[in-house]
Amino acid sequence: MIETRCVSLNGLEFTVDIAGHEHGQSVLLLHGFPESRYMWHPQVEALAAAGFRVIAPDQRGYSTGARPAGEDSYRVELIVQDAVDLVDALGVADFHLVGHDWGGQIAWLVAAGHARKIRTLSILSRPHPAAFARAMAEDPQQPERSRHHRFLKDADAYHRMRVDGLRPLREALETQHVPPEIAAVHIAKLAEPGGVEGAINWYRASGFTGALTPAIDLPTLYIWGTEDATVGQYAAELTSDYVTGPFRFEIVEGAGHFIVDQCPDIVTGLLLDHIRQGADSPV
């Protein structure tokens, strides 16, 4: 059974799904753009059934009560701190960390700054930030794959996304294999006042230089689909250069960027295997 709570952090109210054994090892799941905690429901249920305590928040801008005004309130260091403060508020000393897309970026950075709290790291789609920075400079195709970063920084991006009930985002999700009924849940969240604006502000406030992110010395699983429209093979393969701990790179043939939605059973199996392997390792 999934329990939905409201957790207060630094004057903001975060909506969080929690499931599983109260005394089990914790797993923190971080969603990306333009999704919500709902993307993880199959994994929340499977991990909880396996004995873990699972925590899946709607992050800053996505939680109805955590939409501060102004782009500056969405700096990456604040979003990283949200994740750390959340597990602290829930009394979690150490945890397994999972992230997809922007949630993957945040997970890499949490791991870089708070490695002693983390048992295992699992990332979907998003390369290590330094690998991504290199790919942007070295792979001619990667800037084109990442053109939405520039688009979302345009002055009229808020307005363009709001057209016809967030139709551009709905179509982007559905054409990339997110089932319509799941896409509808994410769109409803972003359609709330300040929702899509908060989500877009992650891009607009991002002045962060990924090239400076250190290598990660943790047991790390990286999952990438061969049809990922936003992350090319070059960036994905470079990620191994920036993990000094045990590293497992899983390539899912035919999977796109929203691999959790497209291939939930494959993702669940890979996560369970990796997290179980790290469950008995000391932090």
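Tutor: Start with how elements are named. Helices and strands are DSSP runs, numbered from the N terminus. Asparagine 10 then has its place in the loop between β1 (3-9) and β2. Keep in mind that this is a predicted model.

Student: What makes asparagine 10 count as exposed or buried?

Tutor: Exposed means over 50% relative accessible area, and buried means under 20%. Asparagine 10 has 63% relative accessibility, so it counts as exposed.

Student: Which loop holds leucine 166?

Tutor: Leucine 166 sits in the loop between α7 (157-162) and α8 (167-175). Leucine 166 is not a glycine, yet its phi is positive, about 65°.

Student: How do you know whether leucine 166 is buried or exposed?

Tutor: Set its value against the cut-off. The relative accessible area of leucine 166 is 1%, and buried means under 20%, so leucine 166 is buried.

Student: Why is the peptide bond from phenylalanine 33 to proline 34 called cis?

Tutor: Look at omega. For this bond omega is near -5°, and the bond is cis. Most peptide bonds are trans. Proline 34 lies in the loop between β3 and α1.

Student: Which residues of α1 are buried?

Tutor: Helix α1 covers residues 41-49, and Gln43, Val44, Leu47 and Ala48 are buried there.

Student: What puts those residues on the same side of α1?

Tutor: The arc does. They cover only 125° around the axis, so they are on the same side of α1.

Student: What do the buried residues of α1 pack against?

Tutor: Three strands are named: β2 (12-20), β3 (26-30) and β4 (53-57). Two helices are named as well: α12 (259-262) and α13 (264-279).

Student: What follows α1?

Tutor: Glycine 51 does, and its phi is positive, near 105°.

Student: Why is threonine 15 called buried?

Tutor: Threonine 15 has 17% relative accessibility, and the limit is under 20%, so it counts as buried. Threonine 15 is found in strand β2. Beyond its neighbours within four places in sequence, its contacts are Thr4, Arg5, Arg37, Ala56, Pro57, Asp58 and Ser63.

Student: What makes leucine 30 buried?

Tutor: Its relative accessible area is 1%, and buried means under 20%, so the label holds. The place of leucine 30 is in strand β3.

Student: Which residues does leucine 30 contact, leaving aside its neighbours within four places in sequence?

Tutor: Among them are Trp40, Pro57, Gln59, Ala83 and Leu97. The list also includes His100, Ile106 and Ala107.

Student: How do you know whether alanine 131 is buried or exposed?

Tutor: Its relative accessible area is 0%, against a limit of under 20%, so alanine 131 is buried. Alanine 131 has its place in helix α4 (residues 129-138). Apart from neighbours within four places in sequence, alanine 131 is in contact with Ala235, Leu238, Thr239 and Tyr242.

Student: How far apart are alanine 131 and alanine 211?

Tutor: In sequence, 80 residues separate them; in space, the distance is 7.4 Å, C-alpha to C-alpha.

Student: What makes glycine 207 exposed or buried?

Tutor: Glycine 207 has a relative accessible area of 66%, and exposed means over 50%, so it is exposed. Glycine 207 lies in the loop between α10 (195-204) and β7 (220-225). Glycine 207 and valine 76 are 131 residues apart in sequence and 8.2 Å apart in space, C-alpha to C-alpha.

Student: How many helices and strands does the chain have?

Tutor: It has 13 helices and eight strands. Of its 283 residues, 55% are buried.

Methods. Residues are numbered from 1 along each chain as its sequence is written. This is a predicted model: local features need pLDDT of at least 70, side-chain atom pairs count only at pLDDT 80 or more; totals for chains, interfaces and linings use all residues. Side-chain values use heavy atoms; hydrogens and water are left out. Buried means under 20% relative accessible area, exposed over 50%, partly exposed in between (1.4 Å probe, protein chains only). Helices (H or I, at least four residues) and strands (E, at least two) are DSSP runs, numbered from the N terminus. The arc is that of the directions from the helix axis to the C-beta atoms. Contact means heavy atoms within 4.5 Å.
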